[in-house]
Amino acid sequence: MIPFAAELSIRNGRRRPVELWIPLALLWILLLPLAILLLPVFLIACLVGDVPPFQATAILWRIFNSLNDTVLSVDKPEFSFCIHLY
Amino acid sequence: MNEDRRRILELLAQGKVTADEAERLIAALEKEPAAGSTAAGADATPKKKPKYLRVQVESQEGTTAGNPSLVNVRVPMQLLRAGVRLVSVIPAQARAHVNDALRENGVPFDLSQIKPENLEEIVDQLDDLTVDVDQKNEKVKVKVFCE
């Protein structure tokens, strides 16, 4: 399943920490028309680059679907960043 | 002779169990240690399939003492599985470049030989992977493992 939300937390020095809950589902809905518009460009790029377009689309979709539960966090004494996709 | 075996023989001598029953009991006793030893070799509980690949980097460089920088990445194994399939869509020209680069670095390997099932196998075997890089001079510790 594609990630539907992300939790982002940023702490920078003495500034107030930022904690955001991002509804990615809305972002995907907004990006969908753009993706449809870019589809011919992607197909042409695949043909020019000698990449099988349908196979590439399937793999990219699979990667996109597997992003769920990915965590990246950086902790430094003066800065910390964490993103969790789910 | 262990205690259980002696007790079975005593029961047989007293006539409380028949010879057949005693034989079955002893056979069962003999099976138990074998099963126990295999369980001790592996885990007693069935091995859980790892769900994530974790990369932890701990660095003391450019930080105050006692407060290391930490980078923690948790990647789902299914993302790795999907990612390795990208090899199959690498254009032939790019593949040749990669093969040349590998050969130059002493790895005579042909990427076109990699099949999706091989990659699946590699990812499946990652559960036993633990890489610890601990460089005292660099003050950086890298740990890669599955959980």
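1. Some ground rules before we start. Because the model is predicted, local features need pLDDT of at least 70 and side-chain atom pairs count only at pLDDT 80 or more, while totals for chains, interfaces and linings use all residues. Residues are numbered from 1 along each chain as its sequence is written, and chains are lettered from A and ligands numbered from 1 in the order in which they are written.

2. Start with the sheet. It is open and has 8 strands, in the order S2(A)-S1(A)-S4(A)-S3(A)-S2(B)-S1(B)-S4(B)-S3(B), with antiparallel pairing. Strands here are DSSP runs of E with at least two residues, helices are runs of H or I with at least four, and both are numbered from the N terminus. Two strands pair if DSSP finds at least two bridges between them. At the edges stand S2 (18–23) of chain A and S3 (130–135) of chain B; each has a single partner strand, so one side of each is left without a neighbour in the sheet. Neighbouring strands are turned by 5 degrees against each other on average, direction ignored.

3. Now the pairings within chain A. Strand S1 (residues 5–12) pairs with S2(A) over 6 bridges, in the antiparallel sense. S1(A) also pairs with S4 (residues 79–85) of chain A, antiparallel again, over 7 bridges; in that pairing A:Glu7 stands opposite A:His84. S4(A) has an antiparallel pairing with S3 (residues 71–75) of chain A as well, over 5 bridges, and here A:Asp75 faces A:Ser80. S3(A) and S4(A) form a hairpin, with 3 residues between them.

4. Which residue is the bridge partner of A:Ser9 in S2(A)? That would be A:Glu19. A:Ser9 itself belongs to strand S1 of chain A. The two C-alpha atoms are separated by 4.3 Å, although A:Ser9 and A:Glu19 are 10 residues apart along the chain. Setting aside neighbours within four places in sequence, A:Ser9 is in contact (C-beta atoms, placed from the backbone, within 7 Å) with A:Pro17, A:Val18, A:Glu19 and A:Cys82.

5. The cut-offs are 20 or more other C-beta atoms within 10 Å for buried and 12 or fewer for exposed, with partly exposed in between and C-beta atoms placed from the backbone.

6. Have a look at helix H1 (residues 24–48) of chain A. The helix bends by about 40 degrees at A:Leu38, and a proline, A:Pro40, follows within four residues. The bend is the angle between axes fitted to the seven residues ending at a position and the seven starting there. Of the 25 residues of H1(A), 0 are buried, so the helix lies largely in the open. After H1(A) comes A:Asp50, with a positive phi near 60 degrees.

7. Finally, the place where the chains meet. 21 residues of chain A are in contact with 22 residues of chain B. H2(A) gives the most to chain A's side, with 6 residues. Helix H2 (residues 53–66) of chain A packs with H3(B) at about 165 degrees, their axes 8 Å apart. Axes are lines fitted to C-alpha atoms, for helices over the stretch in contact, and angles run from 0 to 180 degrees between N-to-C directions. The two helices are therefore roughly antiparallel, the label for angles over 145 degrees. A:Ile59, A:Arg62, A:Ile63 and A:Ser66 in H2(A) meet B:Gln78, B:Leu79, B:Ala82 and B:Gly83 in H3(B).

Technical notes
Two residues are in contact if their C-beta atoms, placed from the backbone, lie within 7 Å. Angles under 35 degrees count as roughly parallel, over 145 as roughly antiparallel, 65 to 115 as roughly perpendicular and the rest as oblique.
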